[in-house]
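Here's a quick briefing to read with the model open beside you.

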Amino acid sequence: MLESLFLKFLPSLDPMTSAMVMLLGMPLLGFVIQIFIGKRLFRGGDWVSVGTIFVSFALSVLLFIDLLSSGPQFQWTTSWTWIDLPHFQLTMGILVDPVTILMLLVITTVSFLVFLYSIGYMHEDPRYSRYFAYLSFFSFSMIGLVLADNLFALYIFWELVGLASYLLISFWFEKPEAAEAGKKAFIVTRIGDVGMFIGILIIFFETNGLLHFDSIFSYVAKGQFGGEFLGISLLTLAGICIFLGAVGKSAQFPLHIWLPDAMEGPTPVSALIHAATMVAAGVYLVTRMFPFFTPEARTVIAYTGSFTAIFAATMALTHNDIKKVLAYSTISQLGIMMMGLGVGAYVAGFFHLVTHAAFKACLFLCAGSVIHALHTQDMREMGGIRKKMPITFTTMGVATLALSGIPFFSGFVSKDLILGESLSFAMENPSHFLIPLFGFLSTGLTAFYMFRLIFMTFYGEPRDSKKFDHAHESPWVMTLPLIILSLCSLAIFFTGSPLGLGELSLWGEKSQWVKYLLEPPSSSEHPTSAHLYALILSLTMAGCGILFAYLIYYKQTLSSEKIAEKFKCIYKTLTHLYWIDELYEWAVIHNLLRLNTLLAHFDNRVIDQVLVDGWAPITISTSTNSGDFDNRAIDQMLVDGTGKVVRASGKEVRKIQTGKIQQYLLVGLGAVCGILILLTLV
Amino acid sequence: MTAQDVFFYIFALITLVPAFVCVFHPNILYAGLSLFGSFFGVAGIYVLLGADFIAATQVLIYVGGILVLILFAVMLSKNIYGAKFQDEKKKKILPGLLGLILLGFLVKFILTTPWNMTLTDEAPLPTVSRLGDLLLTDYLLPFELASILLLAALIGAIILARSK
Amino acid sequence: MYTQFATILIFLIIGVCMVPLILLVGKLLRPHNPDPKKLTTYECGEESVGSSWVQFNLRFYVIAILFLIFDVEVILMFPVGVTFRQWMTSQAGKGLLVFAEVALFIGILLIGFAYAWVKGDFEWIKTIRPQKKS
Amino acid sequence: MSLPEFLKDLFESWPLLGSIPLWLYSLACILGLLFLFLFPFAGIAVYLERKIAGDIQARIGPNVVGPYGILQWIADALKLLLKEDIIPAAADKKLFILSPMLIFLGGAAAYAVIPFAENVILANLNIGIFYLIAVTSMVALGLILGGWASNNKWSLLGGMRAAAQIVSFEIPVALCILTAVLVTGTLDMTQIIKNQSPYSWNIFHNPFMFIAACVYYIAALAEANRTPFDIPEADSELVSGYNTEYSGMRFAIFFLIEYAECFVICAVATTLFLGGWYLPFIDISGLALGLRIPIEAMVFMTKAVCLLFVMMWIRWTLPRYRVDQLMKLCWEVLVPFSFACLLGTAFWMALFKGKGIPELIYSLLGWGS
Amino acid sequence: MMFAVDLRHYLVLSAILFVLGIIGILSRKNSVGILMGIELVMNSAGINFVAFSKYVAADLSGQIFALFIFVIAASEVVIALAIILRIYQNKTTVDIEDIKDLKC
């Protein structure tokens, strides 16, 4: 269909190439137009961005229809030489296969809806056209990311996506928090990216310059990828390094800290980038490189994912900021996906990416709608707006049910698949029992905090009457995307069978299109009994979560304050997010960057702030009357003394840095001469 | 020794003696002026190497452009002939020494490296049109980039030089 | 080619020698009556005050900067200009492409030209004086 | 073929002359050019200028020395030769001496590539016109130095103005030359003329070339510091500009080079735009070389002298520009126009595959070229 | 035989020019003087390019690079002198030892 369309209109060019270039190029065109002349266009040029992304969207839909008709074997590639050196040739190319097309569909659909939504959400912003330019730029980078057929191109777009994310998070850069959050997101993900780059370099050197996915896989499959480093096989090491990139982008533990802060950006951005697409890029990367990971690497992935899932879910319990709750939920869900991929559930993990993109984007957009109406993000100031915003309420309810894993909603199908796979994985390897355990626990917690969110936001009495009176339903450009996305959150959209057990398919195998299209590369059949256990377990967990939420936040038979009082130390730990940020602040920023001053003020900073202030709640709760040891003398002599020595030596060494370039050059010249003399002597 | 070789030594002298003056003359104005000879000598060397267009460009850009600009800049500073603008001698000792060592190594490397010379002694072809073809084909990107570089330099320079 | 350049070299050598030669001839003929008054600087009869080696107007400087940039641009265009005709006449279909390449090259610099023009850097009337360090 | 080579060929079989090496021929040609052409021509140009000025201002002009005062320039030259040579005490002596040398070098070296007729060119460089631009750019350097070395406020101001003006106007000049190079496709002066023909001069190649020729002429006038652009030596403001302190023979050299440059400008305009030595519509290529060369030289000189006459005409008719007007004229009129000409000509070439208006008309009429 | 000129002679010439330029850069107090040293270095690079172009590569790519060196030299001189001009306007000095702050 797509090809015939392009053959008709552009007969002289290769239809698929021109289609792909158009798909990739339209958002770029939108970006270029918006960034240069957007301001002068009618309505700030939003129609340019929306129009261009709609073209991309339409193209991906056509592509998807083509894919459905031609089946999972569909693959199309093209490539051309980019760098041609005597011993090395770098080609750039486009790879289109089912994974790519599904990703394209997700990206362009969510992008298009979010663009549409942004028209309503951002209409008062002074940098309206700039905002759309950045959005277009993001869509361009993301499409490029999934179209790339080699690691190098993927890395380029990977960084472009990061840049777009940075620009959009700190879009309201007048707010210092937003600017800080942008920097934080950029730098934290960069840590992961360095790992990924090292991974790419390992692959590059081990395979003598192979960067194409297919060629890397066949190289690995032939067993040529040898080499060891410190007793770990280089293949595993490269896999873990690549995964590090995914850890950064997908906000997995321990690099998850940037995502909650990224909520400082506009809400549609959170929906598009930080829920549906960019953070899923990590999952996409792992999916794409799936055959590359060794069992050891996969175990690392599974543990990281499952731990992140439970870890983030607990953090979401106590938050009152509606967007941050969703952000932690996103981290948790990404952890679930990673866990799925780690235990080998290739299809399930990716399936969850697709369903999650829909309902999480929907949740964020609903949250945006609420924020738009109430002008606050604090759930404590909301409440009772169910009647005032019926569409938002309904759609958010549907998405919440999907996220909580209730049957007949999409989240149930995919999450259940992952949990079942992980359970059977643990049944085969009982030592890894923690993985499914974390998974199931996080399911229960997810249901709890999501319903907490719903109850606090939509039910009960309005807590802030002034804001409540002001509230109103959003305009149609904002509600339409909500409706579409909530429709996409229904299980019926993804599978013919309501319980998603695959075998019970109603309309044949094609109706379960995600599963149908993604033939697992190493299909290992697991016993279905695990699935049944998983179904029961997860439903029980979700039910418990919902029940608790109902009791605490709707009926209020259980007082949340009392519970918090009772488990004070846990509560405090959770509200402080396990002090991860503080830990990083202390470990990275102060230790690494301010060594001198830190030493001089050792007792001030570390003992007082981190140990006393930071760890105080724990120390107090465990042993309230532990002796306070006063080691001032030691502090002053040893610690301050160290600081003084460093400072004094720094003062002396500083004199070398005169600022006179000629002296530097002279030293440089002297060094060159010295090296030359040494070389001739040796 | 052919006539060409004689001319090489003449041009080398014309290049190096003024360069020497340029570096070591205490008066900055004379130093700048001596560059004139040096640039001309290099142009002669280019001619000997069969690069006629490059030679003329050397004269046009360096003598007609850069040197004029440098002289303007030299004349900016009042009192060129005063003691303040005379460089102290001792500042030259260390760089001179290091420079000599570096030169020694460079010469050694030049003389010991087995150069893969494909010497063509026939008269060089007309270079200009070949240069033009290369600029339009193989070196098109640098050619266009040169324009961008010049644009950047132009805008940067006029912003810097503009009065506040 | 070397023949032609040898002629140029001879020409240049003669050019350098010619002025001293003429002056030498003149020296044999002309009078030589030095007088301190004669050697003073001419300022229309006024007593000259101070050295004239004072700081000159900085506008000249800006002009020279503009010149150098455009000069290099024109020089880079020369080889292209020489082959331009061949490209136009011989290679079929390449003509407009080459024209576009050349036009792009010129166009990029014209942006800078337009910038300088719009910002008024070609205006001579602006006073540019060194600011005393405050 | 260049003049020395041509002469050597000519006298190859002669007993004595045939054995003279080529470089001696070159030397002889150069000296001949300088003493038999450059100096007398500059002198005569001065005489002509004064005569024309007289005519325009309704007075007689020089009429005492020789018939119609025609020997006036010799008298002037002798007078300058006999004048006392003064170097001001405050001047920087070395630079003061160096400056006229540089100016002479820059001004005279251009004559090496002027194609008076076929084979009558001192050095047939294949980068001829580019070489000419390069060496004339040295004049600016000499003027700055002269102005600086004199240690005279008038001189310094004049020298600076002259340098700024020369470099500014070099841009439109070079652009217009480039436009002509675009049309002819070579830098070789002889070849530039040969690529034209009695029927198709470059100036008629396309409308832009016509504008380019005009722009070139105006900009070149300014580059030579001629009125109406003689701000550097504006007598009412700066006494005499950069050559205020120069006297005697040194002054004569400044003077000489000014007129020498004027001729170079006219010769270049003739070569690039006006078909060089070709007569309009009369093809004499069939004639024997011995006959052709004098005719060609005369045609070339006639064209150049006519342009020179226009130059003098302008000088005595138009008032002087102000400095700001001058810079405005250069950067806001001439440079945009010359860029437009360049692009326009390039586009014309791309559109008509290098054919000019005359060729298009001839091919339309069905005449072979 | 040693005087018959080949590639090495050009390289030695350019090396001497280069070293002279380096000494100039290192020892001049006047920032314009440093610029002159840089010009010498650029010229030596140009000689190298053209010499290699003739003797080793036997094509014109070296000359192209010499052309680009001109472009770079011109841009560099223009920017450098504009900076010097600005510093001079603010501090009335072009002495590199007096210019200690980046801020003007």
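Two residues count as being in contact if their C-beta atoms, placed from the backbone, lie within 7 Å. By that rule, the contact between chains D and C takes 70 residues from chain D and 60 residues from chain C. Keep in mind that this is a predicted model.

**Where chain D meets chain C**
- Sorted by class, the side of chain D that touches chain C has 47 nonpolar, 12 polar and 11 charged residues.

**Where chain E meets chain A**
- Here five residues of chain E are in contact with five residues of chain A.
- The chain E side of that contact divides into four nonpolar residues, no polar ones and one charged one.

**Chains A and C, one by one**
- Chain A has 29 helices and four strands, and 48% of its 682 residues count as buried.
- If you take the contacts in chain A with a separation of 6 or more, 78% of them are between residues 24 or more positions apart.
- Of the 134 residues of chain C, 40% count as buried.

**A helix pair in chain D**
- Helix 2 (residues 22-56) and helix 3 (residues 72-82) of chain D have axes that come within 8 Å and cross at roughly 115°.
- Angles of 65 to 115 degrees count as roughly perpendicular, which means that helix 2 of chain D is roughly perpendicular to helix 3 of chain D.
- As for handedness, helix 2 of chain D passes helix 3 of chain D in a right-handed crossing.
- From helix 2 of chain D, the contact uses D:G43, D:I44, D:V46 and D:Y47, while helix 3 of chain D brings D:Q72, D:W73, D:I74, D:D76 and D:A77.
- Those contact residues divide into six nonpolar, two polar and one charged.

**A helix pair in chain A**
- Helix 3 (residues 46-70) and helix 4 (residues 98-121) of chain A pack at an angle of about 150°, with their axes 8 Å apart.
- Helix 3 and helix 4 of chain A are therefore roughly antiparallel to each other, and their crossing is left-handed.
- Residues of helix 3 of chain A in this contact include A:V50, A:I53, A:F54, A:F57 and A:L63, and among those they meet in helix 4 of chain A are A:I101, A:L104, A:L105, A:F112 and A:F115.
- By class, the contact of helix 3 of chain A with helix 4 of chain A has 15 nonpolar, six polar and one charged residues.

**Nonpolar cores**
- The largest nonpolar core has 282 residues, and C:A64 and C:I65 touch the most other members.
- Helix 2 (residues 59-89) of chain C gives this core its largest share, 22 residues.
- What does C:I65 contact, leaving aside its neighbours within four places in sequence? In chain B the partners are B:L69, B:A157, B:I158 and B:A161, and in chain E they are E:V78, E:L81 and E:A82.
- A second, separate core of 204 residues includes A:I169, A:M196, A:I310 and A:F425.

Terms used. Residues numbered from 1 in each chain as written. Chains lettered and ligands numbered in written order. Predicted model: local features only at pLDDT ≥ 70, side-chain atom pairs only at ≥ 80, totals over all residues. Axes fitted to C-alpha atoms, helices over the stretch in contact; angles between N-to-C directions. Helix = DSSP H or I, 4+ residues; strand = E, 2+ residues; numbered from the N terminus. Parallel < 35°, antiparallel > 145°, perpendicular 65-115°, else oblique. Left-handed = near helix turned anticlockwise from the far one by under 90°. Nonpolar A, V, L, I, M, F, W, Y, C, P; charged D, E, K, R; others polar. Buried ≥ 20, exposed ≤ 12 C-beta atoms within 10 Å, placed from the backbone. Core = buried A, V, L, I, M, F, W, Y, C linked by C-beta atoms within 7 Å.
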